[in-house]
Amino acid sequence: MLNAKNPIIWADVPDPSVIRVGDTYYMSSTTMHMNPGVPIMKSRDLVNWEIVNYVYEVLGERDEQCLENGQNEYGIGSWASSLRHRSGVYYVVFSSQTENKTFVFQTQNIEKGPWEKYTLPFVHDMSLLFDDDGKVYLVHGSGDIRVLELTSDAAAVQPGGLDQVIISNSSAVAGPDIALPAEGAHIHKINGMYYIFLITWPRGGMRTQLCYRAESITGPWEGRVVLQDAGIAQGGLVDTPHGKWYALLFGDRGAVGRIPYLVPVRWEAGWPVLGVNGRVPEDTGIGTSQGLSIVASDDFDQGALGLTWQWNHNPDHRNWSLTERPGYLRLRTGRISGDITAARNTLTQRTFGPECSGTVAVETAGMRSGDCAGLAVFQKHYGFVGVKLKGSERYIVMADASSGSCVEVESIAVSQTRLYFKIDCDFRDQRDRAYFYYSLNGEDWVPVGRPLQMSYTLPHFMGYRFALFNFATEAAGGYVDFDYFRIADSRS
């Protein structure tokens, strides 16, 4: 039986933080402005992952989080979590620029909750460490790496505790000309030695993995480059029950996002040696891939949304339902919105590579003039295929926002109210192209508009997502009913 190949997840799962508890692995990741937030994923083999929980439903109710008054939190939200376990309690720490705080969530049941929330001052890209002597530390920062001591329950800053720089100019080991100062800390204590993993980006080079080690938390620290291959970097270490070690890192891969790689690790003279001959191997040496489980089709007949779904920003629960029409997802417009990026209740799942397809059936009899609904590939430079009502006339439309503003590329008059839309994505070799189709019967597909050249943008800082949407441009109160969303892992 063949081992699983890299990347282990060809979808947007950035900033992975992974732990092992017994024979089970858990991972948290960044989903920023999507809610519920901070997914918890579970695996038995480090290869096949499923979403089992989220840390929070919403983090706050500010205008930015609710897409109110022209505000948004695209690209910020919650960042770079640190997942840890101690004595039956699970801890997730992350920061939010919107809230200007660092949050510590704790639970005894990582798969079910509930979570208790504590707040700390804002720190950047932190990593939590429970030391052998009962001390608790956050290591954080960019360029200059700092340590902040917490109380023994990790719920507050320790009065009079450590709060100092422990590694100055941490990028220096990667060279003199650095575009991105070292950040993304992951700290471990292994066999009595402290290890801090960081990423940096030499100018004209690639994202590079660093490792520092010391016998004391305050140093002195010595560091080196431990991986410089294909931009795969940022993450930490985990061991198997059988004593093998791996690093779980990610690589920037264009429009699909930042995708995880599992890198074998061996130890040499107290240093972790990542990869094989300095490279990330295609063969992970572990497990067998069972297919991607962090995306899923949905017939909307379960009475609740599955864990693969996330809302864009905070949902407005008054204006969506799975019960008003059983077996359908109803999206009702609650206000006027300029475009899809300002619309409430846009429901999303990840796109994925190397190729994927998303299809919806939608019933549109409840729309009002000016409403627009359908299926999008969503990022700042989005594209969609859907239906627009102009007065009493209904049109299938394809729109392209790759230029920075939304352009209606094609519009086709249609009389029937049940319509089908499909988008195919091609991420092979970072082609990053999306193709749009409509159907009147769900079987015969007609290309519409033009292919979208997808592009990853920092303002949204997230891989493209399939998005089910409905927004009003004239009057609120209209609705559409999505009968199903179906995904496939190849173009069809």
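Modeller: Quick ground rule: two strands pair if DSSP finds at least two bridges between them, and strands are DSSP runs (E, at least two residues), numbered from the N terminus. This is a predicted model, so local features need pLDDT of at least 70, side-chain atom pairs count only at pLDDT 80 or more, and totals for chains, interfaces and linings use all residues. Residues are numbered from 1 along each chain as its sequence is written, and side-chain values use heavy atoms, with hydrogens and water left out.

Colleague: OK, which residue in S7 is the bridge partner of Arg-84?

Modeller: That's Tyr-91. S6 (residues 78-86) and S7 run antiparallel, paired over 7 bridges.

Colleague: And what's in the turn of that hairpin, the one with S6 and S7?

Modeller: 2 residues sit between the strands, and Ser-87 takes a positive phi near 50°.

Colleague: Is S7 buried or exposed?

Modeller: Buried, meaning under 20% relative accessible area (1.4 Å probe, protein chains only). That goes for 8 of the 8 residues in S7 (89-96), so the strand is largely enclosed by the rest of the structure. Val-89, Tyr-91, Val-93 and Ser-95 point one way, while Tyr-90, Val-92, Phe-94 and Ser-96 point the other.

Colleague: Switching topic: what's the strand order in the open sheet of 8 strands?

Modeller: S3-S22-S25-S35-S27-S28-S29-S30, with antiparallel pairing. S3 (34-35) and S30 (407-414) are at the edges with a single partner strand each, so one side of each has no neighbour in the sheet.

Methods
Buried means under 20% relative accessible area, exposed over 50%, partly exposed in between (1.4 Å probe, protein chains only). Helices (H or I, at least four residues) and strands (E, at least two) are DSSP runs, numbered from the N terminus.
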